[in-house]
Amino acid sequence: MNHFNYRQDALYCEDVPVTHIARSVGTPFYLYSQATLERHFGALKDAFVGDAPLICYSAKANSNQAVLTLFRQWGSGLDIVAGGELFRGLRSGFTPQTIVYSGVGKRVEEIDAAIGHDILMFNIESMEELALIDQRAGALNRKARIAIRINPDVDPKTHPYISTGLQKNKFGIDMAAALEGYRAAHRMPHIEVAGIACHIGSQITTLDPYRQAAAGLIALFKELQALQISVKYLDMGGGLGITYHQEAPPALADYAACLSEATEGTGLRLIVEPGRVLVGNAGILVTRVLYRKQGRAKSFVVVDAGMNDLMRPALYQAHHEVQAVERTSRPPIVADVVGPICESSDFIAQDRSMDDVRQGDLLAVMGAGAYSFAMSSNYCSRPRVAEVLVSGDRFDIIRQRENLQDLVRGEQLPHWLSTPTA
Ligand code: LLP
């Protein structure tokens, strides 16, 4: 359910016509609906009937400070994977004790910052990382809370690039080594064992992988109990899928019930780290048709957004619906929607039956609230696009479109070359 709807053939975001924003902001731009974000967060929260889990919104999906601030106001914690996300999270007012930190490659300065702020816990991904955190916590005269991120060797049945809980993946610590890991952690002077964690993948559309992973983690929990190693949290990560096209992800109530069942009778507090399910369908990318062109084999709609702005189709062959912002009664066409970039992977849709848009028309690329702006780049020296938030009949820019000067910020010629004139 989202708040992008047509009223008499014109696409609205809540109560604002998308064309109106395009006129004011220019194209391309990302557009988010606050009511949709709120609805998604509320629905997830309400899906848990028993003890409330700690919902730690996964900042990587969409880390705009306006989005983070909203989730924080609604009572969310934060899941981070980098010092930059800690920085954004703290700037957006998150209490450090609601922040969990995963990631296979945490750097010493990132670890120090997180220890310094006394975050809720580190999700440890290797024994070397654990040893470093113990050492840094000692040096900083602190104790660091940790969970071991278990690699439960479960197939989440999603795109291979976003499967993270298989033995061949780089993430987490194998179940077989986990017990030894906890024993070691328990002995370390500056470590407090706080939880057991996993994150098995993203855009998961069945509950079975969660069930399997949870069963493994709970078995481990029981072994830890027998060793008198106490644990407070069961962090099941994120990963719940959404409908981009024809996927039928589980209902939130079923997802919640599945995870709650796992913790029942254990005294463990559940943590979840949702990203996509909260923001994915709360955003669109609005782009303008630059040209139509008929090739020998294909029909092309050339738009002003490229793979640098939305790389999911190029990277994962991801499907995003494309629809005209102003619908006409013309019959649909079949075309590739392509961007201005110098690569054949620069497409938004391929062989797509779509509205017969013409030069100058606006297209909405749906389901672009998660991993969309967040993964955009300056490839081909293209300034990153603006982000806009709507609430009711109001809209505001929450990230300015970059300009040409932004492109060269931080660059400098070596001292042996003369100063440029421009
Ligand atoms: N927790 C951890 C440790 C994660 O690595 C992730 C996502 C999440 C939570 C949130 O997962 P979600 O609920 O959003 O599925 N760029 C890809 C998705 C990569 C996901 C990476 N980790 C895409 O565009 O589909």
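User: Which residue ranges does the domain assignment give for domain 1 and domain 2?

Analyst: The model is a predicted one, and its division into domains comes from the domain assignment of the protein. Domain 1 is made of two segments, 4-31 and 280-408, while domain 2 is given as 34-278.

User: What area is buried between domain 1 and domain 2?

Analyst: The centres of the two domains, taken over C-alpha atoms, are 32 Å apart, and 23 residues of domain 1 are in contact with 21 residues of domain 2. On the side of domain 1, N281, Y316 and Y371 lose the most area to domain 2, together 28% of what that side buries. Carbon and sulfur atoms give 54% of the area buried between the two domains, which is about 1,900 Å².

User: Which element supplies the largest share of the side of domain 1 that touches domain 2?

Analyst: At least two residues of that side are supplied by each of α11 (312-316), β20 (386-391) and β21 (394-399). In composition, the side of domain 1 that touches domain 2 divides into nine nonpolar, nine polar and five charged residues. The largest share, four residues, comes from β20.

User: Which residue has a side-chain N or O atom 2.7 Å from a nitrogen atom of the ligand?

Analyst: There are 18 residues around the ligand, and those that come nearest are S202, E273, R312, Y316 and Y371. An oxygen atom of the ligand is 2.8 Å from a polar backbone atom of G239, whereas the side chain of H199 has an N or O atom 3.5 Å from a ligand nitrogen. The distance of 2.7 Å from a ligand nitrogen to a side-chain N or O atom belongs to Y316.

User: Is the peptide bond from T27 to P28 cis or trans?

Analyst: Most peptide bonds are trans. P28 is placed in the loop between α1 (18-25) and β4 (29-33). With omega near -10°, the peptide bond from T27 to P28 is cis.

User: What phi does E14 have?

Analyst: Most residues other than glycine have a negative phi. E14 lies in the loop between β2 (10-13) and β3 (16-17). Although E14 is not a glycine, its phi is positive, at about 50°.

Definitions and conventions:
Residues are numbered from 1 along each chain as its sequence is written. This is a predicted model: local features need pLDDT of at least 70, side-chain atom pairs count only at pLDDT 80 or more; totals for chains, interfaces and linings use all residues. Side-chain values use heavy atoms; hydrogens and water are left out. Domain bounds come from an automatic or database domain assignment. Contact means heavy atoms within 4.5 Å. Buried area is the accessible area (1.4 Å probe) that two parts lose on being put together, summed over both. Ala, Val, Leu, Ile, Met, Phe, Trp, Tyr, Cys and Pro count as nonpolar, Asp, Glu, Lys and Arg as charged, and the others, Gly among them, as polar. A residue is near a molecule or strand if one of its heavy atoms lies within 4 Å of it. A polar contact is a pair of N or O atoms within 3.5 Å; within protein, one must be able to donate a hydrogen and the other to accept it, and residues adjacent in sequence count only if both atoms are side-chain atoms.
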